[in-house]
Every structure is written in structure tokens, then in C-alpha cells.
Amino acid sequence: MTEAVTRTAASSPLPEPLRVVIAEDNTLLREGLEVLLERNGFVIVAAVGTAEELIAAGRESDPDLVVTDVRMPPTYRSEGLAAAVILRKERPALPVVVLSQYVEQSYVAELLDSADGAGIGYLLKDRVSDVNEFADTLRRVHAGGTAVDPAVISQMIKRRRDPLQRLTAREREVLAVMAEGHSNSAIARRLVISEAAVVKHIGNTMMKLDLPPNDDQNRRVAAVLAYLRGQEG
Amino acid sequence: MSRVELQQEVLPIVKRWRGVLYTAAVVARALTALGGVVLLGRLIALALNGSGHSTGGVGAILVAGLGLLGMGLPLLSVALARADWSGAAALLDRAAGGRPETRLSEPRTLVRPLAYTVVMLTLGGAVAVLSALVGVGSLVALVSPFLVAIGDQAVIGPFTVNTVSQSLFAAVIAVALLAGLVFASPAAARAHASLVFQVLTRPEQRLQRDLSMTAQSRARLVRAFDVERRRIESDLHDGVQPQLLSVSMTLGLALAAMPADAPGRADVARAQSQARQTLEALRRFVRNIHPQVLIDHGLGAAVGELADLFAIPITIDDQLADRLPADVETNLYFCVAELLANVVKHSGASQADVILRRLQPETELVEISVRDDGCGGAGTRRHENGGLDGIADRVAALDGDLVIDSPLGGPTIVTITLGVLEGGRR
């Protein structure tokens with residue numbers, strides 16, 4: 001445990017621990033998330049079970065990051081998402097990570113439309129079991145990054161079949177990891193290829209998708225996502 | 001088993017005091033009707049006796065009397081049939097909607113009430129008079145001990161009761177008879193009510209009623225089935241999935257805390273990946289039961305997400321501007337899911353299209369069509385037909401139309417049309 005803490009602290013040295021609000025109606029998962037985040041050096045300022053409490057906690061405790069479930073009481077539809085959108089309207093830069101049980105593109109669209117993609121994460125709940133990876137993702141989103149679950153990207157790729165058919169398997173992999181908000185070097189590490197190869201793949205992908213090359217990481221993810229969701233409806 | 005239940009549904013068990021009240025009411029009506037007929041007969045007889053001198057006068061009065069009877073009897077029949085029908089319907093909890101039409105201006109509709117009245121005046125009248133006599137006699141016998149005690153006497157038909165022992169004997173018999181009447185009443189009430197339905201309802205009216213009940217129960221079954229699906233989905237979603245995820249999360253915490261070369265680390269990692277695979281399998285399963293996105297975002301979005309799961313490209317053309325009623329959405333979703341599964345399983349198609357649209361805004365007709373470029377022949381191979389039968393059942397339960405256009409060699413176009421005017425459906 002100590003090793004995990006020191007390792008994360010070493011990989012992303014932060015002057016102060018991030019103050020997080022957790023919203024999850026399932027007690028078991030909420031407590032699990034609390035333990036997970038505390039062990040990874042986050043400070044839980046509030047852990048709530050309803051969207052109303054989330055909005056109240058978001059206003060009162062002025063957190064650095066909000067982690068919320070999609071489905072919450074009372075109607076178990078997208079209350080968590082709606083609450084996050086409300087909080088972001090009041091504080092546009094507030095980083096929000098939404099955890100979802102399923103890949104639902106309708107929710108992704110709703111989320112990205114409300115946020116321009118910066119400081120937004122949309123992850124499947126399964127990702128939390130990769131503890132360190134999950135903590136890293138939260139820090140990336142806090143730093144203004146965009147993190148969309150690879151499963152969502154691969155589903156979008158499937159849907160946007162026509163132009164994306166031209167992408168090679170490797171280019172799709174790179175695209176999926178890039179959408180998680182990783183830098184070129186991180187992509188290279190993840191896929192065990194050279195950074196030069198990553199740059200080449202991204203260049204080809206951008207060209208095939210008619211997106212001008214761009215160095216800014218948030219914007220390149222946002223651009224890819226905008227492209228992917230832009231022509232679906 | 002189901003036959004028995006059906007029988008019970010048509011003729012429920014009659015509660016004792018309800019049966020007594022009903023029987024009493026029927027007896028009272030039968031006696032009133034008898035009284036009415038006797039009165040009519042008396043009027044004719046009086047007229048006959050009063051002017052027995054001229055034959056022409058007798059004929060005229062006879063004609064007038066029969067005319068009176070001819071008018072009176074149908075009136076009586078209609079009144080009696082209506083009263084008894086309402087009573088029987090109330091007793092057996094049948095909807096009053098099936099009430100038989102009786103119009104004095106239309107002789108055809110009077111045949112059944114007349115036949116019923118004749119039966120009630122003869123057979124029913126005899127039973128009514130007999131039971132009324134028994135009832136009144138029993139009541140008198142019941143009070144006879146008091147009458148004897150105050151020095152009076154009680155006369156019950158041919159019997160005269162004037163000693164204490166006689167009166168007590170009579171009271172005991174009266175109690176037994178009254179108890180017998182009370183116990184027999186439910187059976188008598190049931191028998192009478194079923195007689196009312198048998199005689200007064202035309203056979204086609206009975207068939208129509210059975211048919212509408214069957215259609216309603218089929219629609220209810222389909223709805224109950226969907227409600228149950230949603231319950232199972234939410235139980236799994238809110239109960240089992242979070243638990244499994246929590247296990248996976250705890251294993252993740254354990255892994256993060258373990259040094260890379262710790263003994264058993266590989267086992268923990270394997271356990272975590274097994275938990276994840278189970279979670280994934282469960283997720284697919286839950287999704288097939290009832291997708292949440294259908295509730296949140298409607299039919300178009302749900303069909304869109306569904307299409308992503310299939311291996312062949314499926315384009316969705318969603319022209320439904322607003323949401324449909326929830327049970328219609330659910331039914332159509334499962335129809336489309338089944339149709340797409342059929343396309344992938346049987347047609348060998350390389351692509352499919354789903355079009356959702358409203359046909360005419362004013363009639364609220366919705367048309368869903370699924371077309372594929374496969375080999376056609378859908379519905380011709382019996383053993384592959386289970387899915388299509390299920391769709392046909394669902395569509396029929398919503399009073400919709402299912403058209404399958406699938407020539408051998410393809411392409412196949414399956415079209416579902418149904419009205420969705422909320423509340424005004426059916």
C-alpha cells in the first residue's frame with residue numbers, strides 16, 4: 001500500500017492532494033471508491049448518494065474534482081449526469097468524471113455537448129478496478145484533459161464505419177488510447193511501439209479523418225470526439 | 001387446470017348472504033311478474049263476464065283484452081329481463097357492457113326476453129310461489145310459540161298449532177327449513193344467473209365477449225412480461241453488478257498494494273480478470289433483458305445502441321420526433337431486436353436498415369421497417385420461425401400489423417405498423 005502511494009506521488013508530484021466529491025448511490029461502491037481514492041492520495045470532501053446532495057456538495061465544498069455515477073435516485077435515469085452539467089454551468093472549469101455501468105453513446109453526447117470536452121471524463125465503472133490507472137485518469141482530467149473510455153471509442157468507430165474503415169487496426173488502437181487523453185509518449189508505452197511510430201499513426205489518422213494536426217492534447221481528443229459524434233445524428 | 005379456472009372466472013362462487021339476497025330479489029320479481037299477468041288476466045275475465053250479452057261485444061272485448069295482454073306481456077318481459085340481467089351481472093361480476101338489446105319496436109330482440117319471461121312465469125313462478133309459501137309458513141311457525149304462550153293460535157296452511165309442544169315442534173321444523181333455504185340460495189342464485197346469461201345472450205354476443213376478454217388478457221400478459229423483464233434488469237443492475245464490481249475493485253486495491261514479486265500476486269490478478277469477465281457477461285445479459293437507454297432516450301437511441309452490437313453494418317433512420325408511449329416503445333424495441341437477430345442469424349445479409357417513422361401525424365400511426373439484403377424466404381422455414389411468431393404475437397397484442405415481404409433470394413422487408421394514440425388505442 002505504501003508503495004502504491006509513494007509511486008503515484010512520485011509520478012505526479014502535487015503540492016496539495018486533490019479534493020474530490022463522490023456521488024454514487026450504491027453504498028458498497030461508494031465506500032469502495034472512497035477507500036480507493038484515499039489510498040491514492042486524494043481527499044474525499046463529500047461522498048453522497050443522490051443528485052441533489054451532489055449539487056449541494058459541489059456548491060459548498062468547492063471540490064477540485066467531481067466523480068459521479070450516471071443513474072441515481074429518485075428515477076435512476078441520468079440524474080448524476082444532469083447534476084454534473086448543472087455544476088459545470090455554475091463553474092465551467094470544474095473537472096467531472098462520469099462513471100457509467102454501460103457504454104451509452106447518448107450519454108457521451110450529452111456530456112461532451114455540455115462541456116467542450118475539456119476537464120471531462122466518461123469511464124465505464126469497470127475501470128476503477130485498475131486502481132492506479134484510474135487514479136492517473138482522474139489526475140489527467142483534473143489537469144484539463146479529456147478521458148473517454150476506449151470501449152466508447154471502439155463503439156463509435158464501429159458506428160462511424162464508412163470513413164473509419166480506412167484506418168488500419170493499429171491506427172484505431174492509437175485513436176482509442178489518444179481519446180483517453182494520453183500523450184504521445186504514454187501511447188507509445190501502452191502499445192509498446194516507438195514514439196515516432198505513434199506520431200506517424202496519429203498523422204495518418206488525422207489526415208484520413210480530415211482533422212488538421214494539432215499539438216494540444218485536449219483539443220486533439222475533443223476534435224476526434226467531435227468528429228466521431230458529429231455525423232451520427 | 002386452466003379450464004377449471006376459466007369456468008370459475010365465468011361463474012365465481014357466490015357468497016352465502018349475497019346468494020340469499022339475490023334469490024329473494026329474483027323471487028320477489030317473479031312474484032311481481034306473476035301478479036302482473038294475473039292482473040291482466042283478471043281484466044280480460046272481468047270484461048268478458050261484465051258484458052256477456054251480445055256476441056259482437058264479447059268479440060270486441062276479447063280482441064281488446066288480448067291486445068292489452070299482447071302489449072302488456074312484452075313490456076313486462078323487457079322489464080323483467082333487464083332487471084334480472086342487471087342482477088345476474090352484478091352477482092357474477094360481469095361487465096354491464098354485454099347487456100342484451102331489447103326494443104319494443106323490434107320484435108326480434110323481444111323473442112329471448114319473452115321466452116325467458118314464460119320460463120320465469122311457469123317454472124320460476126312455481127318455484128317462487130312454493131318458496132314464498134315455505135318462507136312465510138316458516139316465519140309464522142317460528143313465532144307460533146309466542147302466539148301460543150299468549151293464548152292465541154297459529155294457522156299454517158292446513159295445520160293449526162295451539163299447544164306448546166306443537167308450537168315448539170313447528171319452530172324446529174321452521175328453523176330447519178329456513179336454514180335449508182339459506183344454504184340452497186347460493187346454488188339457486190348461480191343457477192338462475194347462468195340461466196339468465198344462457199337465455200338472454202345471443203351466441204355471437206357471448207363469442208364476442210370471450211374474444212375481447214382473450215385479447216385483453218393477451219395484451220395484459222405481454223405487458224406483465226415486460227414489467228417482469230424490467231424488474232429482473234433492475235435487480236441485477238442494482239444488486240449483483242455493483243457487488244461484482246466491488247469485488248473487482250477490492251482485488252484491484254489488493255493488487256496495487258502488493259509488491260510486483262509478491263507470492264500469489266498472479267492469482268489475485270487472475271481473480272480480478274475473472275471478475276471482470278463475469279461482469280462483462282452479466283452486462284451483456286442485462287442489456288438484452290431491458291436496456292436502460294430505452295427508458296432514458298427512447299426507441300431511436302435504444303435501437304441505435306442495439307445496432308452497434310451486431311457484426312454487420314446497420315443504419316438507423318429515426319424520424320420519430322417525440323417519444324412514444326412506454327409500452328409501445330418496449331414492444332417495438334423487442335420486435336426490432338428480434339428482427340435484427342434474425343437478419344444476422346438467418347439471412348446472410350451484409351447490411352440492414354431500420355426506419356422508424358410516423359405515417360400520418362393525425363392518426364398517430366407508427367411504422368417500423370427493417371430491411372436487409374439477405375437471401376429472403378423469411379417465415380417459410382418452419383423451424384426458424386420462432387422469432388417471427390414472437391414478433392407477430394407482440395404486434396397483435398398491440399393491435400398492430402406485421403407485413404413480411406421476403407421473396408426467396410431477397411431482399412427481406414419486414415414492416416410493423418401500429419397506432420399509438422395514447423389512451424385511444426385499440
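Across all chains, the structure holds two aromatic pairs. Rings of Phe, Tyr and Trp (its six-membered ring) pair if their centres lie within 6.5 Å; planes under 30 degrees apart count as stacked, over 60 as edge-to-face and the rest as tilted. B:Trp85 and B:Phe197 make an edge-to-face pair, 4.7 Å centre to centre with 90 degrees between the planes. B:Trp85 sits in helix α3 (residues 55–91) of chain B and B:Phe197 in helix α5 (residues 164–200) of chain B, so the pair ties together parts that are 112 residues apart in sequence. B:Trp85 and B:Phe197 are both buried. Buried means under 20% relative accessible area, exposed over 50%, partly exposed in between (1.4 Å probe, protein chains only). The rings of B:Tyr333 and B:Phe334 have centres 5.4 Å apart and planes at 75 degrees, so this pair is edge-to-face. B:Tyr333 and B:Phe334 are both buried too.

This is a predicted model: local features need pLDDT of at least 70, side-chain atom pairs count only at pLDDT 80 or more, and totals for chains, interfaces and linings use all residues. Residues are numbered from 1 along each chain as its sequence is written, chains are lettered from A and ligands numbered from 1 in the order in which they are written, and side-chain values use heavy atoms, with hydrogens and water left out.

Chain B comes to ten helices and seven strands. Helices (H or I, at least four residues) and strands (E, at least two) are DSSP runs, numbered from the N terminus. Of its 426 residues, 38% count as buried. Contact means heavy atoms within 4.5 Å. Residues 24 or more positions apart account for 71% of the chain B contacts with a separation of 6 or more.

Five strands of chain B form an open sheet with mixed pairing, in the order β3-β4-β5-β7-β6. Two strands pair if DSSP finds at least two bridges between them. β3 (314–318) and β6 (401–405) of chain B stand at the edges with a single partner strand each, so one side of each is left without a neighbour in the sheet. From one strand to the next, the twist averages 10 degrees. β6(B) runs antiparallel to strand β7 (residues 412–419) of chain B, joined by five bridges. B:Asp401 has B:Thr417 in β7(B) as its bridge partner.

Helices pack on this sheet. Axes are lines fitted to C-alpha atoms, for helices over the stretch in contact, and angles run from 0 to 180 degrees between N-to-C directions. Helix α8 (residues 292–308) of chain B touches β3, β4 (352–358) and β5 (365–372) of chain B, and its direction makes about 175 degrees with that of β3(B). Helix α9 (residues 326–347) of chain B lies across β3, β4, β5 and β7 of chain B, at about 15 degrees to β5(B). B:Asn331 belongs to helix α9 of chain B. It counts as buried, at 2% relative accessibility. Leaving aside neighbours within four places in sequence, B:Asn331 is in contact with B:Val222, B:Asp226, B:Arg394 and B:Leu398.

Now chain A. Its open sheet of six strands has parallel pairing and the order β2-β1-β3-β4-β5-β6. The edges are β2 (43–48) and β6 (146–148) of chain A, each with a single partner strand. Here the twist averages 15 degrees from one strand to the next. Four bridges pair strand β1 (residues 19–23) of chain A with strand β3 (residues 65–69) of chain A in the parallel sense.
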